[in-house]
Amino acid sequence: MIARLRQPVGEAVLPFLAARAVVLGALGLAHFVVDRTHPSTAGVGARVHEGLLGWDAGYYETIARVGYHPLGREGLRFFPALPALTHALAWLPGVDDGAALLVISNVAAFVATVLLFALARRETGDPALARRAIWFLSLSPAAFVLVMGYAESVLLCLSLGCFLALRPATGGAHASGGAHAAASAHAAASATRPNFALAALLGFAAALTRPIGVLLALVVAVELVRWWIRLGRPQRLAGLVAVGAPLLGLAGFGIWAHHEVGDFWAPLGVQLESSHHGGLSDPFVTLVHDARGVFHHHVGTALHVPWVIVAVVLLIVCWRRLPAPYTVFAGAILAVAVAGTNLDSFERYALSAFPLAMAAAILCRRVRTEQVVLVLLPAVLAGYALLAFLNISVP
């Protein structure tokens with residue numbers, strides 16, 4: 001186990017540290033801008049002062065510290081897994097909730113980077129491609145939230161773990177001769193079957209971390225159908241439980257919300273309010289509306305449009321070059337992201353669709369292309385982080 005983890009851990013260190021250097025540099029620049037210009041726009045100074053605990057991170061920190069009740073219905077759009085972990089860690093002497101939140105978010109981001117390398121290498125057999133994938137994920141436009149106290153890093157860990165459980169390494173027996181060979185072949189075949197029990201646990205936790213975690217049910221369903229005829233009755237039952245586990249996690253939070261505010265659908269209903277993601281709408285109308293934002297000084301809104309196009313291109317690469325579960329998962333997340341009345345936080349949604357990072361790695365096989373992208377991405381990440389810290393763009 002330690003030997004298998006040595007390369008993924010070693011490869012993850014540099015992109016992890018590089019992303020944090022970029023984001024902390026952007027935060028420092030934001031402080032410099034505010035100190036020198038003293039902007040009159042309301043909220044800019046406060047946002048910069050909040051730093052890594054700004055935007056949604058502040059809600060997670062508050063929930064971990066005092067619970068949901070003081071926030072009322074509004075707080076229910078923040079799912080409970082991250083606040084619960086934060087509250088547990090904050091029990092340690094000398095660790096407050098803000099520090100605990102940042103520790104969990106960043107540790108989870110590192111683990112997610114390790115898991116992505118392991119998954120991409122396992123799936124493609126190409127360590128160089130896996131290396132590109134973790135760099136692209138770590139430096140993607142919205143990756144600054146992996147440094148802040150957001151839930152995306154925990155969701156990435158759980159999603160990647162679920163894929164690793166469902167898509168084990170292929171293996172076989174190389175021994176020959178009689179019963180020993182047959183037993184070895186049977187053991188190898190069993191070892192390479194999906195671990196639906198682990199996938200169920202991770203899917204359940206993912207649905208309690210972010211609402212889009214429930215989409216892992218689709219991934220489990222695809223793999224269960226693919227394996228169905230090769231599974232025994234207990235494994236089929238475990239697979240069906242794994243399909244339902246994310247739905248059960250989502251339902252569990254809904255039941256708690258019904259107990260607290262009398263509305264089972266409140267955790268999703270708050271998300272669909274116009275001040276947040278908004279209700280269902282025509283994505284083409286939304287794209288046109290947001291693109292026009294550039295003519296009305298709504299820079300943060302207009303910036304989403306080109307990234308939607310990039311994401312669609314990468315989704316096509318997923319469809320053509322990666323197994324079906326990757327396309328299903330990434331496509332479902334992107335569909336949710338563009339289905340609202342605005343594209344706010346689109347890049348953050350796309351960050352959770354980690355197969356897009358693998359698709360980008362496939363596209364950038366040429367050394368020159370990879371070098372150009374790795375020069376541009378840190379600048380883009382710094383720019384997005386700076387806009388968020390200055391209260392110009394919604395993370």
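Colleague: Is Cys364 buried or exposed?
Modeller: This is a predicted model. Cys364 has 8% relative accessibility. Buried means under 20%, so Cys364 counts as buried.

Colleague: Now the rings. How many aromatic pairs does a search of the whole structure find?
Modeller: Ring centres must lie within 6.5 Å to pair. Searching the whole structure on that basis gives an aromatic pair count of 14.

Colleague: Take Phe264 and Trp265. Is their pair stacked or edge-to-face?
Modeller: The centres of Phe264 and Trp265 are 4.9 Å apart. Their planes make an angle of 85°. Planes over 60 degrees apart get their own label, so this pair is edge-to-face.

Colleague: Of Phe264 and Trp265, which counts as exposed?
Modeller: Exposed means over 50% relative accessible area. Phe264 has 29%, so it counts as partly exposed. At 55%, the residue that counts as exposed is Trp265.

Colleague: Tyr326 and Phe354 also form a pair. How many residues apart are they?
Modeller: This pair is edge-to-face, with 6.4 Å between centres and 85° between planes. Tyr326 belongs to helix H16 (residues 324–338). Phe354 sits in the loop between helix H17 (346–352) and helix H18 (355–363). The pair links distant parts of the chain, and the separation in residues is 28.

Colleague: Are Tyr326 and Phe354 buried or exposed?
Modeller: The cut-off for the buried class is under 20% relative accessible area. Both Tyr326 and Phe354 are buried.

Colleague: Which ring does the charged end of Arg77 sit over?
Modeller: A charge over a ring must be within 6 Å of the ring centre. The charged end of Arg77 is 5.3 Å from the centre, and the ring is that of Tyr59.

Colleague: Arg210 lies over the face of which residue?
Modeller: The limit is again 6 Å from the ring centre. Arg210 is at 5.5 Å, over the face of Tyr349.

Colleague: Leu5, Val9, Val13 and Leu17 form a nonpolar patch on the surface. What is their accessible area together?
Modeller: Patch residues need over 30% relative accessible area. Leu17, found in helix H1 (residues 2–37), has 48% and so counts as partly exposed. Together, the four named residues have an accessible area of about 290 Å².

Technical notes. Residues numbered from 1 in each chain as written. Predicted model: local features only at pLDDT ≥ 70, side-chain atom pairs only at ≥ 80, totals over all residues. Heavy atoms only, no water. Phe/Tyr/Trp six-rings, centres within 6.5 Å; stacked < 30°, edge-to-face > 60°. Buried < 20%, exposed > 50% of the residue type's maximum accessible area, 1.4 Å probe, protein only. Helix = DSSP H or I, 4+ residues; strand = E, 2+ residues; numbered from the N terminus. Lys NZ or Arg CZ within 6 Å of the ring centre and 35° of its normal. Patch = residues over 30% accessible without salt bridge, like charges linked within 9 Å, V, L, I, M, F, W, Y side chains within 5 Å. Areas by Shrake-Rupley, 256 points an atom, 1.4 Å probe, with all protein chains shown as cover. Salt bridge = Lys/Arg side-chain N within 4 Å of Asp/Glu carboxyl O.
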